[in-house]
Amino acid sequence: MSRRTVEFGCAIVIVGLLAGAAGAATTLLLHGVEHLTYHYSFGTLLTGIGGSSPVRRALGPTIGGALAGLGWWLLRRRADVPSLSAAIASPRRLPRLPLSIDAALQVLLVGSGASLGREGAPRQLAAALSDFGTQRLSLTQRDREILLACAAGAGLGAVYSVPLGGAVFSARIVLGTWHPRAVGTALITSSIAVAVAAPVTHLEHALTWPDADLSYLFAFLALAVSPLAAAVGLAFDKVMAAARPRSPLRSWLLIPAIAAAGLVIGICSIRWPELPGNGRSILTVSVNSSLTLGSAAVILALKPLLTALFLRTGAVGGMLTPALATGAAAGSVVVLALNGLAGTSIDVPAVSLTCAAGVLAITQRAPGFAALFVWELAHPPYWLLIVFAIAAYAAHGLRLLRERHAAEQPARS
């Protein structure tokens, strides 16, 4: 066995351990900020918001936004924070400290109620720690790229307890390959990371699947849902692209701008407490069938708009769970309307998650990852993974057809 092989094997273990530590650290920090912002001791963010006063709901995200804005203003005056994908592909060492500080500010903002995903922070911190932990090993540039990409996916897997989802994210989305070396490394690092973070996450799934009497014919409904998921996913992508600044904002105006966005979502949360946070609260009430048609429609409109608002102010965060929440709200709207107006009895949780998988397939351009990630979040019956995959691949196919049609239009004219 060559020295390079031994060192690569050691690096795999190191990356898995450090990614798990990153996932545990960001989870603890997130929960600490949530409990401090909404002054509660036990339960989920939705529980904390529901038990807090209207004043705290409004001021908590405002103060958190101001602090995060201050942090980003100070950070961006002194350092550039590249996108993680660009940093991984670069032959140079990662800017570890800026990436780590940026990750902490993301957690601060999301924990205080911002409508952004929390998965970006553990990915950045895991990659930064892994770059430091493997710097003395003799690794080729390609080996280093594989390991850092796997660190990012393992960080994602650790915080959500989704080892397969984290591995597929590394291989398919970050690296864009199914090469056995990359896939095997991703599976090992993600599994180790989930195990290391288990004392903090308790391997709890983000969603609790209710007992439901579902037919295998539900797979046909997935095809019917896919056009809706494609439309919602494309609209979500378009809104986020329009809102995202072309270059990171560096002015002191970051402070009042992000604080104002926090105030907006804080005021909205007085009436709709599901809106703050990364989107888990919306997924929870969708799966628990706790939404009314009116609430689902309002959430469907407000969640992407609030997410876009935070992006416009210069804030940084993930897009996975906001996209999932938007898709789940869209599925809930359709099913609740059909059940209420047409007298049908379609299962709300199943359609909500099916639509969420389709929307995630559009926003991430990875239908396999979308189906697996949604299934691992809730762990419904195994055969529903096929249903989620049907919706995800059908929605993705509709996107490809749309792009092909758009590309052919200039040629015809």
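# A helical protein chain, residue by residue

Ser161 has a relative accessible area of 6% and is therefore buried. Ser161 sits in the loop between helix H7 (141-160) and helix H8 (163-175). Its phi is positive, about 55°, although Ser161 is not a glycine.

The model is predicted: local features need pLDDT of at least 70, side-chain atom pairs count only at pLDDT 80 or more, and totals for chains, interfaces and linings use all residues. Residues are numbered from 1 along each chain as its sequence is written, and side-chain values use heavy atoms, with hydrogens and water left out.

## The chain as a whole

The protein chain has 17 helices and 0 strands. Its radius of gyration is 21 Å, close to the 22 Å from the globule rule for 413 residues, so the chain is as compact as a globular protein of that length. That radius is taken over C-alpha atoms, and the rule is 2.2 Å times the number of residues to the power 0.38. Helices (H or I, at least four residues) and strands (E, at least two) are DSSP runs, numbered from the N terminus.

Along the principal axes, the C-alpha atoms of the protein chain fill a box of roughly 65 × 55 × 45 Å. Of the 413 residues, 54% are buried. Take the contacts (heavy atoms within 4.5 Å) between residues at least 6 apart in sequence: 81% of them join residues at least 24 apart.

The accessible surface comes to about 17200 Å², and carbon and sulfur atoms hold 66% of that area. Areas come from the Shrake-Rupley method with a 1.4 Å probe; for residues, only the protein chains shown count as cover.

The protein chain carries 30 positive and 17 negative charges, and their mean positions are 10 Å apart. Lys and Arg count as positive, Asp and Glu as negative; His and the chain ends are not counted. Each charge is placed at NZ of Lys, CZ of Arg, CG of Asp or CD of Glu.

Helix H1 covers residues 3-38. Its 36 residues should span 52 Å at 1.5 Å a residue, and the end C-alpha atoms are 52 Å apart, which agrees. The expected span is 1.5 Å times one less than the number of residues. His39 follows H1 and has a positive phi, near 55°.

Helix H11 (residues 254-271) has 18 residues. It reaches 27 Å from its first C-alpha to its last, close to the expected 26 Å. Its buried residues are Leu254, Ile258, Ala259, Ala261, Gly262, Ile265, Gly266, Cys268 and Ser269. The cover over them includes helix H3 (54-78), helix H5 (96-111) and H13.

Ile270 also belongs to H11. It touches Pro54 and Arg57, not counting residues up to four places away in sequence. The C-alpha atoms of Ile270 and Arg57 are separated by 6.5 Å, although the two residues are 213 apart along the chain.

## Selected residues

| Residue | Relative accessibility | Class |
|---|---|---|
| Thr307 | 0% | buried |
| Trp375 | 7% | buried |
| Ser281 | 7% | buried |
| His379 | 34% | partly exposed |
| Ile270 | 39% | partly exposed |

Thr307 is in helix H13 (residues 293-312). Beyond its neighbours within four places in sequence, it contacts Ser115, Leu116, Met240, Met319 and Pro322. Thr307 and Gly65 are 242 residues apart in sequence, yet 13 Å apart C-alpha to C-alpha.

Ser281 lies in helix H12 (residues 280-287). Leaving out residues up to four places away, Ser281 touches Leu46, Glu274 and Pro276.

Trp375 is part of helix H16 (residues 367-378). Arg246 is 129 residues away along the chain, and its C-alpha is separated from that of Trp375 by 34 Å.

His379 is in the loop between H16 and helix H17 (384-412). Its phi is positive at about 50°, and His379 is not a glycine.

Definitions and conventions
Buried means under 20% relative accessible area, exposed over 50%, partly exposed in between (1.4 Å probe, protein chains only).
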